[in-house]
Amino acid sequence: MRIIVTENYQEMSIKAAKVIASQITLKPDSILGLATGSTPVGMYKELINMYKNRELDFSTVKTFNLDEYYGLSEENDQSYHNFMRENLFVHINVKKENINIPNGNVLDIETECENYERMIRESGGIDIQVLGIGCNGHIGFNEPNINFEASTHLVNLTQDTIEANSRFFSSIEEVPTKAISMGIKTIMQSKKILLLANGEAKADVVYEMIKGKILPEVPASILQLHNDVTIVLDRESAAKLKDNVV
Ligand code: PGA
């Protein structure tokens, strides 16, 4: 694992954006795995700036998002489709047909999940997968005690996650209780992984992910077994790590 500790959220965002920019520059038809949540918003802003300054071209990039709430339409304000539109896609020149996000509003979930996996495979596989991490150790919506062998599937969100995500909804009752998420196996098949974390609330789980045992209770700990992981942290989220950091 390559661990980069930056001073603050903005530096974390700039560093992470540079990793993505270098991926796209070296391989303009890169397959990007993207994440939602508060953590990557600053990185997306930096990528938008690079695009506006003509430093980056997304015209041949393809994207696959990690997850989507089950039961929300693409147009719903709280859907991850909407999050990605607002925080990245409408601001850059990625082609609509190159954007992939699980459809959370289908009846046949199994077929949706199989199709998503097939599309990832047929694209040649994800070159770099962006991840945040939940305070409970989840990556994507792979909640604690996940089966490490799962591919894209329907998940039940834990109470922790529902509470954490209720900040985006007007009441906790509105937070969906299920989601379609890439599985750990899908994530682990990505060629590179870029995980971001910031803030003191993440310090314990960041430590567990990097230094702890590899356990289904901390889904992100499986990343210790991936051979190309870059973790970009701010000082606060790195507070429990004492060595092996640059
Ligand atoms: P956050 O979420 O970026 O909003 O903290 C991260 C996650 O739950 O994966």
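A pocket here is an open set of grid points where a 1.4 Å probe fits, with protein on both sides within 12 Å along at least five of seven lines. The model shown in these views is a predicted one.

**View 1. The largest pocket and the residues at its centre.**
About 720 Å³ of space lies in the largest pocket, and 35 residues line this pocket, with Thr36, Gly37, Ser38, Asn165 and Arg167 lying nearest its centre. The elements that contribute two or more residues to this lining are the strand β4 (67-69) and the helices α3 (80-87) and α5 (159-165). Among the elements, α3 supplies the largest share of the lining, with 5 residues. Sorted by class, the lining of the largest pocket holds 13 nonpolar, 16 polar and 6 charged residues.

**View 2. The ligand and the shell of residues around it.**
The ligand sits in the largest pocket, where it is surrounded by Gly37, Ser38, Thr39, Gly132, Ile133, Gly134, His138, Arg167 and Lys202. When this shell is divided by class, 6 of its residues are polar, 2 are charged and 1 is nonpolar. Gly37, Ser38 and Arg167, which belong to the shell around the ligand, are also among the residues that lie nearest the centre of the largest pocket.

In the side chain of His138, an N or O atom is 2.6 Å from an oxygen atom of the ligand, while a polar side-chain atom of Lys202 lies 2.7 Å from an oxygen atom of the ligand. Ser38 takes part through its backbone, with an N or O atom that lies 2.9 Å from a ligand oxygen atom. On its own the ligand has 280 Å² of accessible area, and the protein covers 82% of that area.

**View 3. The second largest pocket and its lining.**
The second largest pocket contains about 300 Å³ of space, and its lining is made up of Glu74, Glu75, His81, Arg85, Phe89, Val90, Lys96, Ile99, Asn100, Ile101 and Asn103. Two or more residues of this lining come from each of α3 and β5 (99-100). By class, the residues that line the second largest pocket divide into 4 nonpolar, 3 polar and 4 charged. The helix α3, which gives residues to this second lining, is also the element with the largest share of the lining of the largest pocket.

Notes: Residues numbered from 1 in each chain as written. Predicted model: local features only at pLDDT ≥ 70, side-chain atom pairs only at ≥ 80, totals over all residues. Heavy atoms only, no water. Near = heavy atom within 4 Å. Polar contact = N/O pair within 3.5 Å; in protein donor to acceptor, adjacent residues only side chain to side chain. Areas by Shrake-Rupley, 256 points an atom, 1.4 Å probe, with all protein chains shown as cover. 1 Å grid on protein atoms, 1.4 Å probe; cavity = no way out; pocket = protein on both sides within 12 Å on 5 of 7 lines; lining within 4 Å. Sits in = over half its atoms within 2 Å of the grid points. Nonpolar A, V, L, I, M, F, W, Y, C, P; charged D, E, K, R; others polar. Points joined across faces, edges and corners; volume = space filled by probe spheres on them. Helix = DSSP H or I, 4+ residues; strand = E, 2+ residues; numbered from the N terminus.
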